[in-house]
Structure formats: C-alpha cells, structure tokens
Amino acid sequence: MHRKLLLPAAVVLLFLPGCFPETFREETPSLETDREEVLFRSGTGEGWVKDTLYVSSNRSWTVFSQEDTDWISFAEEGFENPSGVRKTTPLVVICLENPADDERSTSIRIVSDGQQKQVTIRQEGMKRKDSVEAIEIGDHYFEDHGTD
C-alpha cells in the first residue's frame with residue numbers, strides 16, 4: 001500500500017515548485033556603497049595596504065578602475081547575484097604603498113544592470129621630516145627626528 005502512494009507523491013513534489021510564481025526577485029535594480037570615498041595610509045611596510053568597501057545590490061556587479069591606475073587592484077572584480085534579491089558583499093580594495101610625498105587619488109566605478117556608482121580612492125603620501133631639531137637642556141642633548 002505504501003509503495004503505491006510513494007510514486008505519485010514523488011511526482012507531485014517534483015512539479016510542485018513550478019506552480020508557485022517567482023515572487024522573491026526585486027524588479028527595480030539597485031546599487032549602493034557604504035562610502036563614497038576610501039582613504040588609505042601611505043603604507044604599512046608590507047608593500048601594500050587594503051580596505052573593504054561594502055556594495056549592496058540586487059543584481060550582479062563589476063568593478064573597474066581607471067586605465068592609467070596601476071597602483072590599485074581588487075581581491076574580486078565583481079559579484080554574481082542571479083537571485084535578484086538585495087545582498088551586501090565586501091569589495092576588498094588593495095593599494096600599493098605610496099612612496100611619494102604627495103597624496104594620490106583616483107576613482108573606481110561599480111556597474112550593475114544600468115546602474116553605476118563612483119567611489120573616490122585617496123592615498124596619503126609619505127610623511128617625512130626634512131630637518132632634525134636639536135634641543136639642549138642642562139647637560140642633556142636631544143634630537144627630535146619626528147614622529148609624524
């Protein structure tokens with residue numbers, strides 16, 4: 001008796017999901033980031049610095065940097081989201097250390113289904129002291145090499 005019911009029940013379960021309408025997909029594409037600007041230190045002594053930008057979207061997205069920017073890379077170059085449901089995902093931005101005294105900046109674009117978000121990337125320059133200050137107090141002599 002149980003075998004006779006098992007086959008029809010399996011057939012019903014196989015076709016049942018196709019009877020429900022797809023109601024979970026968000027119709028209007030959306031794309032947001034948690035910041036409009038990311039500021040990096042000049043370096044950490046490891047040759048690179050990194051920070052995480054969070055991207056919220058209900059579609060797949062891809063990130064692009066300017067063509068002449070060779071000091072920025074990404075851990076992932078996008079995110080696949082076929083579900084159409086809003087997800088927040090990390091975008092790890094990696095910058096080579098900035099050996100120059102001056103700050104440098106560029107922008108990246110995140111593109112998703114007709115939507116676009118631009119984020120400014122800034123990186124501080126090396127902070128150096130060009131002079132050494134000497135202070136004499138009593139019998140003691142101090143040199144200040146700076147701590148900036």
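With a relative accessible area of 1%, S57 is buried (buried means under 20% relative accessible area, exposed means over 50%, and partly exposed is in between, using a 1.4 Å probe and protein chains only). This is a predicted model, where local features need pLDDT of at least 70, side-chain atom pairs count only at pLDDT 80 or more, and totals for chains, interfaces and linings use all residues. Residues are numbered from 1 along each chain as its sequence is written, and side-chain values use heavy atoms, with hydrogens and water left out.

**The whole chain**

- You'll find one helix and 11 strands in the protein chain (both are DSSP runs numbered from the N terminus: helices are H or I with at least four residues, strands are E with at least two).
- Going along the sequence, the pattern is α-β-β-β-β-β-β-β-β-β-β-β.
- Of the 148 residues in the protein chain, 24% are buried.
- The protein chain exposes about 10900 Å², and carbon and sulfur atoms supply 52% of that (accessible areas come from the Shrake-Rupley method with a 1.4 Å probe; for residues, only the protein chains shown count as cover).
- Take the contacts between residues at least 6 apart in sequence: 63% of them join residues at least 24 apart (contact means heavy atoms within 4.5 Å).

- The protein chain has a mean pLDDT of 83, with 70% of its residues at 70 or more (pLDDT is the predictor's confidence in each residue, from 0 to 100).
- Confidence is highest in strand β1 (residues 31–33), at a mean of 97, and lowest in strand β11 (residues 140–144), at 62.

**S57 up close**

- S57 belongs to strand β3, which covers residues 48–57.
- The S57 side chain reaches the backbone oxygen of S30 at 2.9 Å.
- Leaving out residues up to four places away in sequence, S57 touches S30, L31, N81, V85, R86, K87 and S112.

**Partners of β3**

- β3 pairs with β1 in the antiparallel sense, over three bridges (two strands pair if DSSP finds at least two bridges between them).
- In that pairing, E32 stands opposite S56 of β3.
- β3 also runs antiparallel to β7, and 10 bridges join the two.
- L53 has L91 in β7 as its bridge partner.

**The five-strand sheet**

- Five strands make an open sheet with mixed pairing, in the order β2-β9-β8-β4-β6.
- β2 and β6 stand at the edges with a single partner strand each, so one side of each has no neighbour in the sheet.
- Strand β4 (residues 61–65) pairs antiparallel with strand β6 (residues 78–79) over two bridges, and W61 has F79 in β6 as its bridge partner.
- β4 also runs antiparallel to strand β8 (residues 104–112), joined by four bridges, with F64 standing opposite R109 in β8.

**The nonpolar core**

- The largest nonpolar core has 18 residues, and L91, I108, I110 and I121 touch the most other members (a nonpolar core is a set of buried Ala, Val, Leu, Ile, Met, Phe, Trp, Tyr and Cys residues joined through side-chain atoms within 4.5 Å).
- Two or more residues of this core come from each of β2 (37–40), β3, β4, β5 (72–74), β7 (87–96), β8 and β9 (115–123).
- In soluble globular proteins, nonpolar side chains tend to be buried together.
- L91 touches D51, T52, L53, V55, W61, V63, F74, E76, I108 and I110, again leaving out residues up to four places away in sequence.

- R59 sits in the loop between β3 and β4, yet at 8% relative accessibility it counts as buried.
- Apart from residues up to four places away in sequence, R59 touches R25, E26, E27, T28, P29, N81, G84, S112 and D113.
- The R59 side chain reaches the backbone oxygen of E26 at 2.9 Å.
- The side chains of R59 and D113 make a polar contact at 3.2 Å (a polar contact is a pair of N or O atoms within 3.5 Å; within protein, one must be able to donate a hydrogen and the other to accept it, and residues adjacent in sequence count only if both atoms are side-chain atoms).
- R59 and F79 are 20 residues apart along the chain, and their C-alpha atoms are separated by 8.6 Å.
- D113 lies in the loop between β8 and β9 and is partly exposed, with a relative accessible area of 49%.
- D113 has a phi near 45°, which is positive even though the residue isn't glycine.
- Most residues other than glycine have a negative phi.
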